[in-house]
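Colleague: I would like to learn how to read this model. Please take me through it feature by feature.
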Amino acid sequence: MEFGPILRSMRRNKVRYGLIVAEVALTLAVVANCVNMIRDARRQMAIVSGFDDDNLIRVNSRPFAPAFKEDGYLDNSVKKDLAALRALPGVKAASNTRFLPWQGGGSSMETRVLGSKGPMQRNQVYNADEGTLATLGSRLIEGRNFTREETESEALRIRQLFASSRPSGADGMPLEKISQDIIISKAFGDLLFPDGKALGKRLEDTDGDQYMIVGVIDRFYNPYGWPIHEYVMFFPNTARSYQGGAPYLVRAEPGRKAALLASIEKTLLAADGGRNLQIQPVSQIKERFQSRSSLMVTILSVVIALLLFITSLGIVGLTVFSVAERTRQIGTRRALGAQRGDILRYFLLENWIVTTLGLALGVVLAFGLNVALVSRVSGPKMQPGLVAAGVLLLWIAGLAATFLPALRGARVAPAIATRNV
Amino acid sequence: MLFHNLRIAWKSLKRNRALSVLIVTGIALGVAVSTTFATVRHSYAKDPIPSKSDVLYYVRLDSWDPLKPYPGADATLPPTQVTYRDMTEIMKSNIPRRQSGMFKTALYVYPDPKIGRPFRETVRLCTSDFFPMFDVPMLYGSGWDRKADAGPEPVVVLSREMNDKLFGGKNSVGKTVRMGDREFRVVGVMGDWLPSVKFYDLTQNMIDVPETIYMPFSFLKPMQLRTFGNSDGWGSSGGLSGFDGFLQSETCWIQMWVELPDRASVEKYKDFLAAYVLDQRKHGRFQRPLNNRVSTVREWMRDQRVVPPETTAMLILSILFLGVCAVNLVGLLLGKFLARSSEVGVRRALGASRADIFLQHVVECELIGVVGGAIGLLLSVGALLFLNNWLKTIATRGDFFRLDVPMVLLSIGLSLAAGLAAGLYPAWRTCRLAPAVHLSLQ
């Protein structure tokens with residue numbers, strides 16, 4: 001092997017080889033950190049909600065006709081809307097709920113296990129009717145679903161209870177406590193009851209009001225500003241008001257979503273024209289929520305591609321120059337009996353040594369940069385496997401970039417050695 | 001002399017076109033990537049209201065749960081907004097030159113039926129001070145006066161866009177608009193007002209355009225308006241319910257701004273707030289440690305993490321990217337210059353000094369830097385166009401990322417610096433070569 005001559009030649013051209021070492025090192029550091037960030041964004045985007053996101057449609061009825069200010073009229077309108085939605089061909093299920101997957105927030109409250117003296121735990125909270133679970137596509141793993149009668153009677157009861165202020169005691173809490181049945185997510189149940197037996201247990205909130213767990217669903221994930229993405233409780237109630245409107249979720253049969261998106265507005269406006277409708281597929285809300293992550297993936301991928309391109313250019317440049325500078329030397333070696341393969345091997349080996357030195361330095365830089373980013377800015381910790389993959393990639397890129405110029409060097413005719421002397 | 005050097009440099013670039021294209025491409029990509037990410041970060045981080053940022057202050061009070069801090073990334077911070085009770089009390093202070101509590105709601109607007117169906121619009125409730133406090137430009141009329149705050153008089157200020165929609169862009173001052181259950185009289189139409197980030201309400205959608213309709217805060221009660229922004233509550237409801245219960249509750253939902261003209265008034269105002277909180281404590285509220293914040297625009301932006309951390313990470317990576325491009329350039333230039341050593345030998349032999357050779361090569365590098373930088377700047381304009389287009393999918397505006405004067409200067413500076421940094425060593429190496437060595441190769 002030609003280690004000796006190569007190392008001696010490198011020692012004579014420290015700066016030129018040093019530059020490639022630095023370039024390869026920086027490239028590895030940047031590429032490894034970019035890929036690390038891409039993987040983190042991809043992981044975020046791969047989280048499943050537990051709902052039939054692709055077939056869900058959000059429908060928001062926003063009344064302006066004064067008739068909607070009357071409770072009876074509003075209730076009736078919700079009932080008529082649900083019947084109209086469910087009667088549409090291609091609708092699998094429909095529900096009147098304020099819950100909207102993937103909007104990046106929602107509403108929350110604080111509860112704890114009844115009788116425990118522990119701290120309150122924050123969880124998401126939404127109303128549900130008898131169709132909410134079927135609409136979302138959530139699977140009930142324990143207990144029961146809400147019924148239509150329950151939804152309506154609870155709506156009336158809660159409305160009456162909160163029509164005026166409740167008398168409160170010395171502790172500032174309402175004297176008369178109320179109790180409601182709730183359905184919770186398994187993750188929330190496991191958090192409150194590590195033994196996994198949540199069904200039939202009771203919770204209390206900051207007013208001392210109670211909640212009895214009557215059902216548990218398998219999965220729930222809705223990104224929230226606070227780390228309570230998987231903790232939810234649903235309570236039976238309708239969702240409608242004059243100012244806030246009436247929100248619905250509609251689940252389409254597979255392949256029928258596009259047709260429904262076009263027909264829902266006409267159907268509901270025909271039922272009552274004193275309002276505007278806002279209709280949006282949940283997949284679009286999800287895309288919007290994930291758009292920052294997906295943009296990151298795009299940008300970082302472009303940066304990686306450009307960087308590899310630039311570095312390859314640098315290596316090509318170095319080899320072209322190396323070859324040009326040593327044309328006569330190559331001619332001499334060929335004249336003295338060296339084969340083309342020997343010349344090719346010489347340049348490949350030379351570049352391999354330079355690249356490897358750069359990569360060794362780059363491994364250190366990659367981890368250093370990651371530590372700096374994690375502590376000063378944000379981001380996930382570096383996976384050692386990624387750096388290893390980066391090393392492999394740059395080795396291959398380095399050899400590939402060397403190959404053509406080196407091949408040209410190997411084609412130098414022995415006769416060159418005798419010219420120009 | 002400079003012209004002569006430039007001519008030689010240009011000739012030299014033309015001689016080996018392929019290599020020159022590679023060299024210029026490298027520097028263009030480096031400048032494009034770093035300019036783009038610097039602009040992205042700068043768009044979030046820059047002062048959104050430079051004319052007033054030294055006198056505007058955002059007010060927060062820690063009225064949160066005694067048992068635990070307000071949830072968020074930084075547990076030392078008080079809630080992001082204030083309660084209605086606290087707002088009404090601290091607004092009684094006459095220390096601030098101007099002040100406004102504010103929030104956004106949604107109301108139905110009923111345009112002339114010839115124009116269209118009723119539509120729901122986001123409306124901001126604020127005091128008359130909002131417009132002079134934030135230097136809002138007015139196209140027609142003006143904001144309302146303090147008398148209208150107290151009335152409250154049914155007056156409204158429209159954005160230019162809303163005035164275009166409702167009145168075809170004509171001067172609508174004095175005309176009426178029906179919103180919700182009553183008629184409002186237009187007193188002013190705003191000119192174009194688009195702060196970089198919506199600094200006055202950083203609790204949600206901070207890069208959206210400002211609201212299109214503004215009305216006196218005091219309509220809160222008569223119209224029973226609810227906030228459509230964030231509202232954070234804690235603890236027992238105390239049995240209170242309904243609209244009055246909401247106003248009496250500890251729910252934080254109002255953004256509070258004051259204009260304090262000098263240091264002394266800032267100190268005085270802080271003392272006033274401390275005294276207010278200590279007084280409230282006697283009534284059982286504010287059981288947490290005293291933690292009032294009278295924050296400048298920049299402090300408020302920092303607390304709300306307006307600059308997304310990934311933009312900082314990207315900026316760091318892009319600077320390293322430019323570093324790689326520069327290192328790459330050093331190698332390519334070194335090759336290019338040394339390959340031309342015979343020409344340098346001839347010039348030296350004919351009497352050119354080392355300084356001449358050095359200067360000529362540096363000029364060539366700067367030429368490369370300028371050409372590459374110009375192409376890079378164009379590329380980053382394209383990249384920012386792409387990003388602005390993307391932004392339309394998540395915000396109400398598509399002009400957020402702007403290549404402003406400081407960023408163009410930065411870009412030019414970066415290209416010159418990269419050209420110089422990459423060119424110095426190769427130029428020095430070239431001018432150090434002895435003429436005889438160059439010539440002997442001929």
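Modeller: Start with axes. Axes are lines fitted to C-alpha atoms, for helices over the stretch in contact, and angles run from 0 to 180 degrees between N-to-C directions. Helices (H or I, at least four residues) and strands (E, at least two) are DSSP runs, numbered from the N terminus. This model is predicted: local features need pLDDT of at least 70, side-chain atom pairs count only at pLDDT 80 or more, and totals for chains, interfaces and linings use all residues. Residues are numbered from 1 along each chain as its sequence is written, while chains are lettered from A and ligands numbered from 1 in the order in which they are written.

Colleague: At what angle do the axes of α10(A) and α11(A) cross?

Modeller: Two packed helices are described by the angle between their axes and the distance between the axes. The axes of α10(A) and α11(A) cross at roughly 150 degrees and come within 8 Å. Angles under 35 degrees count as roughly parallel, over 145 as roughly antiparallel, 65 to 115 as roughly perpendicular and the rest as oblique. α10(A) and α11(A) are therefore roughly antiparallel.

Colleague: Is the crossing of α10(A) and α11(A) left-handed or right-handed?

Modeller: A crossing is left-handed if the near helix is turned anticlockwise from the far one by less than a right angle, and right-handed if clockwise. The crossing of α10(A) and α11(A) is right-handed. By class, their contact has 16 nonpolar, five polar and one charged residues. Here Ala, Val, Leu, Ile, Met, Phe, Trp, Tyr, Cys and Pro count as nonpolar, Asp, Glu, Lys and Arg as charged, and the others, Gly among them, as polar.

Colleague: How do α2(A) and α8(A) cross?

Modeller: The axes of α2 (residues 14-46) and α8 (residues 282-325) of chain A come within 9 Å, crossing at roughly 160 degrees. That makes α2(A) roughly antiparallel to α8(A). Their crossing is left-handed. The residues of this contact divide into 18 nonpolar, eight polar and three charged.

Colleague: Now the chains. How many residues does each chain bring to the contact?

Modeller: Two residues are in contact if their C-beta atoms, placed from the backbone, lie within 7 Å. The contact takes 48 residues from chain A and 43 residues from chain B. On the chain B side, the elements giving two or more residues are α2 (17-45), β4 (119-126), α8 (242-248) and α11 (309-339). The largest share of that side, 19 residues, comes from α11(B). By class, the chain B side has 24 nonpolar, 15 polar and four charged residues.

Colleague: What is a nonpolar core, and which residues in the largest one touch the most other members?

Modeller: A nonpolar core is a set of buried Ala, Val, Leu, Ile, Met, Phe, Trp, Tyr and Cys residues joined through C-beta atoms within 7 Å. A residue is buried if 20 or more other C-beta atoms lie within 10 Å of its own, exposed if 12 or fewer, and partly exposed in between; C-beta atoms are placed from the backbone. The largest core has 97 residues, of which Leu28(A), Ala29(A), Cys34(A), Phe321(B) and Cys325(B) touch the most other members. Elements of both chains give two or more residues to this core, including α10 (340-376) and α11 (384-410) of chain A and α13 (354-391) and α14 (405-432) of chain B. α2(A) gives the most, with 18 residues.

Colleague: Which residues does Ala29(A) contact, leaving aside its neighbours within four places in sequence?

Modeller: Ala29(A) is in contact with Gly362(A), Leu365(A), Ala366(A), Leu369(A) and Leu320(B). A second, separate core of 64 residues includes Tyr84(B), Met87(B), Tyr140(B) and Ile213(B).

Colleague: Is Gly188(B) buried or exposed?

Modeller: Gly188(B) is buried, because 22 other C-beta atoms lie within 10 Å. Its place is in strand β8 (residues 182-190) of chain B. Beyond four places in sequence, its contacts include Tyr140(B), Val157(B) and Val173(B).

Colleague: And the backbone? Which non-glycine residue has a positive phi of about 55 degrees?

Modeller: That is Asp135(B). Its place is in the loop between α4 (130-133) and β5 (138-141) of chain B. Asp135(B) counts as partly exposed because it has 13 C-beta neighbours inside 10 Å. Arg305(B), also not a glycine, has a positive phi near 50 degrees. Arg305(B) lies in the loop between α10 (297-303) and α11 of chain B.

Colleague: Which peptide bond is cis?

Modeller: The bond from Gly151(B) to Pro152(B) is cis, with omega near -10 degrees. Pro152(B) is in the loop between α5 (146-150) and β6 (155-158) of chain B.
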